[in-house]
Amino acid sequence: APMREQPQEFCRIVLSGIKSRHKRTLPMPLKPELEATAKSAIHEEAENIELTGRYKKIELKRCRHARLAGVTAEEIVITDSSVIIDDSSIHGKEVALQVDNSDVGATNVRIAADTAIVSSRSHLDLAGARLEGRKAAVTSVDRSILLFSISRSESPYYSGPLHGTCRVTREKPL
């Protein structure tokens, strides 16, 4: 695990790589005037789907190898699925990202709501993520494991950098 064995060298290399690529920016959150035109997407038992663009809500149930890229949404619900989320922004009211019995990898994402993520029996691997929870960044109904790389949390429970494995429970939110 290079990030643990040589954290300074690891961070230097990662930051150098990020700076050398063209600057990527997150999509802007939904604006009130766009909410009426934003669509919803529901997929069940789909494989290899890819979604991009603006959504009010995305629901994925029993989907395998789904990819959300450049998505701006108010709410995403993932159940019994494997999903990759890249370069996306989820800005909800109560819960932005709800994950149940799923594997989710997310890179360069911003997730914000009263509770940014509610997870249950899931594995989440987040890199370059910014979680903003007015009540909590992450809560878990049942055992979930979260792996963070170069991420950040802003919540009443913890504000600061996130790097490494984090177990979140109902009694110990993030």
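Two strands pair if DSSP finds at least two bridges between them; strands (E, at least two residues) and helices (H or I, at least four) are DSSP runs, numbered from the N terminus. The model is predicted, so local features need pLDDT of at least 70 and side-chain atom pairs count only at pLDDT 80 or more, while totals for chains, interfaces and linings use all residues. Residues are numbered from 1 along each chain as its sequence is written, and side-chain values use heavy atoms, with hydrogens and water left out.

**View 1. Strand S4 and its pairing with S6 and S3.** S4 pairs with strand S6 (residues 103-120) in the parallel sense over 9 bridges. Within S6, Gly105 is the bridge partner of Ile84. Strand S3 (residues 66-79) also pairs with S4 in the parallel sense, over 6 bridges. Opposite Ile85 in S4 stands Leu68. Of the 10 residues in S4 (residues 82-91), 7 are buried (buried: under 20% relative accessible area; exposed: over 50%; partly exposed: in between; 1.4 Å probe, protein chains only).

**View 2. Arg143 in the loop between S7 and S8.** Arg143 lies between strand S7 (123-140) and strand S8 (144-154). Its relative accessible area is 68%, so Arg143 is exposed. Leaving aside neighbours within four places in sequence, Arg143 is in contact with Ser120, Arg121 and Ser122 (contact: heavy atoms within 4.5 Å). Arg143 and Ser120 are 23 residues apart in sequence, and their C-alpha atoms are 6.0 Å apart.

**View 3. Cys63 and Cys166.** Cys63 is buried at 0% relative accessibility. Cys166 is buried with a relative accessible area of 17%. The structure holds 0 disulfides (disulfide: a pair of cysteine sulfur atoms within 2.5 Å).
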